[in-house]
Amino acid sequence: QVQLVESGGGLVQPGGSLRLSCAASGFTLDYYAIGWFRQAPGKEREGVSCISSSDGSTYYADSVKGRFTISRDNAKNTVYLQMNSLKPEDTAVYYCAAAAFLVRTVCSEFPTVYDYWGQGTQVTVSS
């Protein structure tokens, strides 16, 4: 059974850090680009970051550049999102998703191109 499971969310004060994990089961992440998305109440799902399957090419939304870092550990079949200097506006449910692009050096910030999704993990930034 193909499955993505996010973990690492929680409540953190502004300026704090969290590391989200996206663990795959039922398939290997080696050939998949991985995207992180978030959705706040009343807002559309937005692309936060993504990483390609082969050369580690990455994308970051302007709102998180310099604060978030995406990485992958294929040996652990897991992708991470390190989130530093968190702000209240980062509060959302965070999802990871996987896509097998023919061109392995790309990833995408658009959710519609991803095939597999996790169930999401809540991140709340509040004092």
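**Reading cores and strands**

Modeller: Alanine 40 touches Thr91 and Ala92, leaving out residues up to four places away in sequence. Remember that this model is predicted.

Colleague: Where is alanine 40 found?

Modeller: In the loop between E4 and E5. Its C-alpha atom is 20 Å from that of threonine 69, and the two are 29 residues apart along the chain.

Colleague: How do I read the side chains along a strand such as E7?

Modeller: In a regular strand, side chains alternate between the two faces of the sheet. Now take E7. Phe68, Ile70 and Arg72 point to one face and are buried.

Colleague: How many bridges join E7 to E8?

Modeller: Six, and the strands run antiparallel. Threonine 69 stands opposite glutamine 82 in E8. The hairpin has four residues between the strands, and asparagine 77 takes a positive phi near 55° there.

Colleague: And the core? Which residues touch the most other members?

Modeller: Nonpolar side chains tend to be buried together in soluble globular proteins. Here the largest nonpolar core has 29 residues. Leu4, Trp36, Phe68, Val79, Leu81, Met83 and Tyr94 touch the most other members. Strands giving two or more residues to this core include E3, E4, E5, E7 and E8. Apart from this core lies another, of seven residues, including Ala33, Phe37, Cys107 and Tyr114.

Colleague: What is methionine 83 in contact with, beyond its neighbours within four places in sequence?

Modeller: Gly16, Ser17, Leu18, Leu20, Arg67, Phe68, Tyr94 and Val123.

Technical notes:
Residues are numbered from 1 along each chain as its sequence is written. This is a predicted model: local features need pLDDT of at least 70, side-chain atom pairs count only at pLDDT 80 or more; totals for chains, interfaces and linings use all residues. Side-chain values use heavy atoms; hydrogens and water are left out. A nonpolar core is a set of buried Ala, Val, Leu, Ile, Met, Phe, Trp, Tyr and Cys residues joined through side-chain atoms within 4.5 Å. Buried means under 20% relative accessible area, exposed over 50%, partly exposed in between (1.4 Å probe, protein chains only). Contact means heavy atoms within 4.5 Å. Two strands pair if DSSP finds at least two bridges between them.
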